[in-house]
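Here are some exercises to work through with the model open beside you. Try each task before you read its solution.

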Amino acid sequence: MIKAQIPAIKALLDTPRNIVIVPHKNPDGDAMGSTLGLYHYLKLYNHNAVVIAPNDYPDFLKWLPGDDSVVKFEGQSEESKTLIENADLIFTLDFNALHRAGNDLSEVLEKSDAIKLMIDHHQQPDDYAKYMYSDVTMSSTCEMVYNFIDMLGDAEKINSTIATCLYVGIMTDTGSFRFPATTSKTHAVIGHLIDKGAENSEIHNSIYDTNSYNRLQLLGRALQNLKVVPELRTAYITLSQAELDEFNFKKGDTEGFVNYALSVKGIIFAAIFIENKQENIVKISLRSKGDFSVNEFSRNHFGGGGHTNAAGGKSDLDLQATVENFISILPQYKSELSQK
Ligand code: 5GP
Ligand code: MN
């Protein structure tokens, strides 16, 4: 459907506009890569574009080209509100429901009468955007931004800055090109991004080889806390606030920990429960292999969502009660989880 809308979008982008680009709260590599990739593309046409992130993101993303231009709603809310009020167009990237931008920012977005465009690969998108490019089969929003630029006839205009940003999100959302949503088309896009100047090996190092000693010690603790429920092919990790404090937790430090639980032989469902005393919640990340939908699981039990094999949610119970609740729910899925 987006293809049919391309001429209208092209016409909109024909003259320089005030454009705001928003990723989801707690932005990850795909959220920042896609918003900054689109930002640099729009800059080629002299649009007055700005990325407004709902809040801060991990240090391992702070080298991305254009990082210094990102406005953070949390801490710069007045400036953000003015930018949104004056916007002609608002792109929302890598999320499927306005509340995913965080409550305060989503209110401001809702009130705005700027034309909204969504580019996203999460399941069950809300219908808030005039122009919607939603495809749940896509590896990443970055791959979709690439397709969007391509549909606008500008794939050859991609420069090394845009290529670098888009490479980051495809790499991080595919677990370095190994998750099932990675297609030959994904690899073709990556090939083109490398041709356009994305330094693949350097990008990999900048994202993954930036461990602090504390993060590795925290990973050690997380692995010691790993529990396995073999009969339900499930494994889970807990981290309490006290443990996070002990290793001087920084945003992003627990990124990827849940994958260790999923890597246990025979396991098809993995979870990590991370206590957040400040917000008085337990943040949950869920991962699966095969058909078991953690999107559904999270929607049904933990007020979240995401994709079939990767989703998130939260719990208002304390850490121990959250885990007990999780364990008590599992038997409902016995037939799906014990299938070979
Ligand atoms: P992560 O576990 O890495 O935080 O998130 C995994 C996937 O689920 C990501 O695509 C993310 O956008 C989505 N996700 C994470 N937390 C939530 C949540 O609370 N609600 C919804 N709807 N999606 C989430
Ligand atoms: Mn994504």
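Contact, as used below, means heavy atoms within 4.5 Å. This is a predicted model, where local features need pLDDT of at least 70, side-chain atom pairs count only at pLDDT 80 or more, and totals for chains, interfaces and linings use all residues. Residues are numbered from 1 along each chain as its sequence is written, chains are lettered from A and ligands numbered from 1 in the order in which they are written, and side-chain values use heavy atoms, with hydrogens and water left out.

**Exercise 1. Find the surroundings of S80, and say whether S80 is buried or exposed.**

Step 1. Start with the helix: S80 is found in α3, residues 77-85. Helices here are DSSP runs of H or I with at least four residues, strands are runs of E with at least two, and both are numbered from the N terminus.

Step 2. Leave out residues up to four places away in sequence, and S80 touches I52, V71, K72 and F73.

Step 3. The relative accessible area of S80 is 0%, so S80 is buried. (Buried means under 20%, exposed over 50%, partly exposed in between, with a 1.4 Å probe and protein chains only.)

**Exercise 2. Work out the strand order of the parallel sheet and see which helices pack on it.**

Step 1. Six strands make an open sheet, ordered β3-β2-β1-β4-β5-β6, with parallel pairing. Two strands pair if DSSP finds at least two bridges between them.

Step 2. Look for the edges: β3 (71-72) and β6 (131-134) each pair on one side only.

Step 3. Zoom in on β3: two bridges link it in the parallel sense to β2 (residues 48-53). I52 has V71 of β3 as its bridge partner.

Step 4. (Axes are lines fitted to C-alpha atoms, for helices over the stretch in contact, and angles run from 0 to 180 degrees between N-to-C directions.)

Step 5. Helix α5 lies across β4, β5 (115-120) and β6, at about 120° to β5.

**Exercise 3. How do α5 and α6 pack, and which residues make the contact?**

Step 1. Two packed helices are described by the angle between their axes and the distance between the axes.

Step 2. For α5 (residues 141-151) and α6 (residues 160-173), the axes come within 7 Å and cross at roughly 140°. That makes α5 oblique to α6. (Under 35 degrees counts as roughly parallel, over 145 as roughly antiparallel, 65 to 115 as roughly perpendicular, and the rest as oblique.)

Step 3. From α5 come C142, E143, V145, Y146 and I149, and from α6 come I162, C165, L166, G169 and I170.

Step 4. Sort that contact by class and you get eight nonpolar, one polar and one charged residues. (Ala, Val, Leu, Ile, Met, Phe, Trp, Tyr, Cys and Pro count as nonpolar, Asp, Glu, Lys and Arg as charged, and the others, Gly among them, as polar.)

**Exercise 4. Which residues coordinate the manganese ion (ligand 2)?**

Step 1. The donors are D30 (OD), D94 (OD), H121 (NE2) and D173 (OD), at 2.2 to 2.3 Å. (Donors are N, O and S atoms within 2.8 Å of the metal, or 3.2 Å for Na, K and Ca; water is not among the atoms, so sites may look incomplete.)

Step 2. Along the sequence, the donor spacing reads D-x63-D-x26-H-x51-D.

Step 3. D30 sits in helix α2 and D173 in helix α6, so this pair ties together parts 143 residues apart in sequence.

Step 4. D30 is buried, at 0% relative accessible area.

**Exercise 5. Trace the mixed sheet, with β9 as your guide.**

Step 1. This open sheet has six strands in the order β7-β8-β9-β10-β12-β11, and its pairing is mixed. At the edges stand β7 (227-229) and β11 (305-306), each with a single partner strand, so one side of each has no neighbour in the sheet.

Step 2. β8 (residues 234-239) runs parallel to β9, joined by six bridges, and A235 stands opposite A270 in β9.

Step 3. β9 and β10 (residues 281-288) run antiparallel, with eight bridges; F273 has I284 of β10 as its bridge partner. The two strands form a hairpin with four residues between them, and N280 in the turn has a positive phi of about 60°.

Step 4. Seven of the eight residues of β9 (residues 269-276) are buried, so this strand is largely enclosed by the rest of the structure.
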